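Please look over the chain shown below before reading on. The briefing that follows takes up a single residue and then turns to the wider architecture.

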Amino acid sequence: ERVAHLLLELRDRLEVVGLSDGRRFPLPLTQDVVGDTLGLSAIHVNRVFKALRQAGLFEVRSGAVTLLRVADLAILAGRAEPTGLADEVAEPKWPGSTEATINTLASPDQRP
């Protein structure tokens, strides 16, 4: 949830200053920095990034992030506000329930 929220927040803020096209933006941060920012270990951030990539929610190439399924990322982040993108949908596209996906991405001590 924290990583998804951070990615969306960075996208929103960078879009305001013209550094994002709504889906792609630079992310010159290490996983250590992301972990420190979110209060997570770098190892956990690495696992979450891997799970989000495998779920097809985002990709990282050449220091830039591309959000592939913004609506699904917003659901995972628990964001209620609309993203403003025309092709967004309210239902998740990944297999299984939202709860199952969140449980998969959550660390063992954060699982319900």
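Thr37 lies in helix H2, which spans residues 31-38; helices (H or I, at least four residues) and strands (E, at least two) are DSSP runs, numbered from the N terminus. With a relative accessibility of 54%, Thr37 counts as exposed, given that buried means under 20% relative accessible area, exposed over 50%, and partly exposed in between (1.4 Å probe, protein chains only). Although Thr37 and Arg2 are 35 residues apart along the chain, their C-alpha atoms are separated by 9.8 Å.

This is a predicted model, in which local features need pLDDT of at least 70 and side-chain atom pairs count only at pLDDT 80 or more, while totals for chains, interfaces and linings use all residues. Residues are numbered from 1 along each chain as its sequence is written, and side-chain values use heavy atoms, with hydrogens and water left out.

**The chain as a whole**

- The secondary structure of the chain comes to five helices and three strands, and from the N terminus on these elements follow the order α-β-α-α-β-β-α-α.
- Of the 112 residues in the chain, 37% count as buried.
- The accessible surface of the chain is about 6600 Å², with 54% of it belonging to carbon and sulfur atoms; such areas come from the Shrake-Rupley method with a 1.4 Å probe, and for residues only the protein chains shown count as cover.
- Where contact means heavy atoms within 4.5 Å, 53% of the contacts between residues at least 6 apart in sequence join residues at least 24 apart.

**The sheet**

- Three strands form an open sheet in the order S1-S3-S2, with antiparallel pairing, and two strands are taken to pair if DSSP finds at least two bridges between them.
- S1 and S2 stand at the edges with a single partner strand each, so one side of each has no neighbour in the sheet.
- From one strand to the next, the twist averages 20°; angles run from 0 to 180 degrees between N-to-C directions, and axes are lines fitted to C-alpha atoms, for helices over the stretch in contact.
- H1 packs on this sheet and touches S1, S2 and S3, its direction making about 90° with that of S1.
- Strand S1 (residues 24-26) is joined to S3 by three bridges, and Phe25 stands opposite Val65 in S3.
- Strand S2 (residues 58-61) is joined to S3 by four bridges; Val60 stands opposite Val65 in S3, and Arg61 has Ala64 as its bridge partner there.
- S2 and S3 form a hairpin with two residues between them, and in its turn Ser62 has a positive phi of about 50°.
- In a regular strand the side chains alternate between the two faces of the sheet.
- In strand S3 (residues 64-67), Ala64 and Thr66 point one way while Val65 and Leu67 point the other way, and all are buried.

**Helix packing**

- Helix H1 (residues 2-16) packs against helix H4 (residues 70-77) at an angle of about 125°, with their axes 8 Å apart.
- That angle makes H1 oblique to H4, since angles under 35 degrees count as roughly parallel, over 145 as roughly antiparallel, 65 to 115 as roughly perpendicular and the rest as oblique.
- On the H1 side this contact is made by Ala4, His5, Leu7, Leu8 and Arg11, and on the H4 side by Val70, Leu73, Ala74, Leu76 and Ala77.
- H2 and helix H3 (residues 42-54) pack at an angle of about 105°, with their axes 8 Å apart, which makes H2 roughly perpendicular to H3.
- Gln31, Asp32, Val34 and Gly35 of H2 make this contact with Ala42, Val45, Asn46 and Phe49 of H3.

**Helix H4 and what follows**

- Seven of the eight residues of H4 are buried, so this helix is largely enclosed by the rest of the structure.
- The buried residues of H4 are Val70, Ala71, Asp72, Leu73, Ala74, Leu76 and Ala77.
- After H4 comes Gly78, whose phi is positive, near 75°.
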